[in-house]
Each structure stands twice: as C-alpha cells, then as structure tokens.
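Hello,

Here is the structure I said I would pass on. Please open it next to this email and follow along.

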Amino acid sequence: MKVIYTDNNATTQVASEVLEEMLPYFHDLYGNPSSMHSFGGQVAVKLTEAREKVADLVGATPDEIIFTSCGTESDNTAIKAAIESNPGKKHIVTTRVEHPAVKNLGEYLSKRGYRVTFLPVDRQGRLGLEYLQKSLSDDTAIISIMWANNETGVVFPVGEIAEMARDRGIVFHSDAVQAVGKIPVDVREVPVDMLSLSGHKIHGPKGIGALYVRKGTKFSPLLMGGHQEGGRRGGTENVASIIGLGKACELAVEHLKGQNEHVKYLRDKLERQILKEIPNALVNGDRDNRLPNTTNISFEYVEGEAILLMMNEFGISASSGSACTSGSLEPSHVLRAMGVPFTAAHGSIRFSLSVYNTEEEIDFIIEKLPPIIERLRSLSPFWGQSGKEA
Ligand code: PLP
C-alpha cells in the first residue's frame, strides 16, 4: 500500500540529494576532522562547507553555528547556557505551548530554585505581548519562546519579542525547529540571541541539530570535552549527519523560493474541503498566522486515535492532538493551554505537509476522511446526544 505521509512536523523523509551527500562519509571517507593528516582534513573541509550552508539558511555567520545532536539538545544548551552565564538571575520566561524540550526543562528548573513563567496563549494559540512585558524583571536570565508551534503551526511575534528582550538586556532564545525551512528565518532581521534547529524536520537526517549563538552572547557548553565546535560542544562530530544537514539547509533555501507556496496551496485545499464536507470540524490555531504546511483540525465527538487508525487503513499517516498517558487519552498541553473544549480537543488531527506531497494525495484524503468521521460519529453516544447530527 502506498503511504500518504502527512506527518512532516513529526519528521520528514531524508531527501535523496541529502542521502547521496552523506553516504561516502560512513565508509570511505571516515577520517576524524580533528586529525592533522589530510585524510581527516578533507572531512574538516566538508564540515566547514556544511556550517556555511546552515548559517546561510538563517542569515548567520558560520562561526555562530554550533552543531548539536538534535533540536532538544539545542534547546537545552541555550537555556542552560543563559542561566549558567548569568548566575545572579533566577527567572526564566517561556510559554505554555513549548515543545517538551523547553517545557520539561522549565518544569525541572522550577523545582531547582528558578522561577519560571509559562505565558498563556489565547483561544487561537496566540501569545499576548502584554503578558510578556509584565513578566520581565531585572532577575530574568532568559526568554525562550518558540518561533512556530509544532502542533498548530501558529507563528509567534518573534520580532517584537526580540526587541523587548533587547531593550531589557535579556537573552532571547527561540526554538525555530518547526519554522526553519518553512518560512523565512533570518537572525539579521529578528535579533534573537540564540536559535535552535533540527535536521530531521527539513529533510535531513535524524540525530543532528544546530544552535545559532549570536556573536558576543555569553555562553557555556552543555557537553564539556574536546575542542570541537570551538570548545562550545565537546564530542567527535557526527560527520555524515552534519554534511546531510548542510545539504538539507541548501535545499531549504531553494524550497523557500517557491515550493513552499505549493505546500500552502495543498494545505489550504485540504483544510477547505474538510471544513466544507465534514460538519462540526474546526481549525485550531490562528489561521492568519501559521506555517504554510500545518493544519490542526478538531472533529467534535470522535477520538483522534480512532480517526488515525482508520486513516491508517488507507495508508494515510497523520498525528493526533492527544497523548496516551497512564492509559487515558489526554488532550495535548498545547490544545489545553488554548482552551479547546474537551469534546473537540480529543478529536484533533494534525496534518503537516511537505514539498513531497502531491495534489492526488490531498484529493485521496479528502475522499476518504468524511466517511471515516461519519462512521465514528455513528458509533459515538455523545454525537447522538449533542443534537448536532447532520
Ligand atoms: N522543538 C520543536 C518545536 C519540535 O517540534 C521538536 C520536535 O518535534 C523539537 C524541538 C525537538 O527536536 P528533535 O527531535 O531534533 O530533538
């Protein structure tokens, strides 16, 4: 069965151009880039090229890029670096809708002597800047706010946040793991101090990420060891993956020039048709300010997991807005923070597209989904009681 993959915010297919660039560095060109000999030296040259390509995608200079093992490591490094290098400051500001890579670290630090403000969002998943302004104090070590949300695609006002942070002399880190490659992200235009990205969200390999650190930002490494990454991240470099990340960033620059428009066209068609054909379906998140590839739709009175299982029968892969914790299906912390009603949060599905999706695939989903929802609702005792049957 053909797989129709619409779960690209979870991970993406490695582009064949990326794979091709990586392959020689597993077997033939296995030198250590730190070695003095030319066998290692040729690998070091490739790392330099990859660093330039990553820097180019986000408007940074190559020496401002540190390779890490993933987006999670980049997020952890940024926040820990800021608090280590500002030991007198004990306050961290973030939001209620961050990825666990930031959220769980925030919760951990709140039990270890830090005051952590988790800013609220509104029903559309938007952040109120007035709450941010009020939360800042002379004790604030770092503001860590994502560029775009992984579940809803909502894009945050990072430009205004960066200005606010700058005015107060506070370090601003943004988790741009979902934004990079989908919308323009340029650190010359948005003066963030640190920014995280991850290879596997942009058709690169899993297990590789990068952290941008603006020149002059106080920094302290998470992994102490060798002199790699200018002493900012110890450990022999994940050479093949770094080269793959570089190529993925080069491709992303190309995608941003036009192909992402096509992705938006497909996403809009999918969303429009679903809302037209399925009653009691609603989009979660600010529709005017979203990533072009993401739509998060709640189907009232059905379980997201049941929808996923039935779509899976047709080879359609997407994800739901619930997480199975201790045997019960809990709506995600993002949908809860947005105040999505329980009956809707349980039935939420995220479709996240990529440049590899086709119009035929979108048409196939539009054909298969309405009868799935109808069937599930016919089995739901709540649907009958809701008085909302079509
Ligand atoms: N931040 C966001 C917004 C994400 O969506 C993800 C992954 O889903 C991460 C961080 C973590 O990235 P990685 O899987 O590379 O650790």
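Predicted model: local features only at pLDDT ≥ 70, side-chain atom pairs only at ≥ 80, totals over all residues.

Residues are numbered from 1 along each chain as its sequence is written, and side-chain values use heavy atoms, without hydrogens and water.

Four strands make an open, antiparallel sheet in the order S9-S10-S15-S12. Strands S9 (281–283) and S12 (319–320) are at the edges with a single partner strand each, so one side of each has no neighbour in the sheet. Helices (H or I, at least four residues) and strands (E, at least two) are DSSP runs, numbered from the N terminus, and two strands pair if DSSP finds at least two bridges between them. S9 pairs with S10 (residues 294–299) over three bridges; leucine 282 has serine 298 in S10 as its bridge partner.

Asparagine 293 lies in the loop between S9 and S10. Is asparagine 293 buried or exposed? Its relative accessibility is 2%, so asparagine 293 counts as buried (buried means under 20% relative accessible area, exposed over 50%, partly exposed in between, with a 1.4 Å probe and protein chains only). Among the residues that asparagine 293 touches are Lys182, Arg267 and Phe351 (contact means heavy atoms within 4.5 Å).

Helix H5 (residues 100–110) has buried residues too, including Ala101, Leu105 and Leu109. Helix H4 (71–85) and strand S3 (91–95) are among the elements that cover the buried residues of H5.

Regards

Note on methods:
Lists of a residue's contacts leave out its neighbours within four places in sequence.
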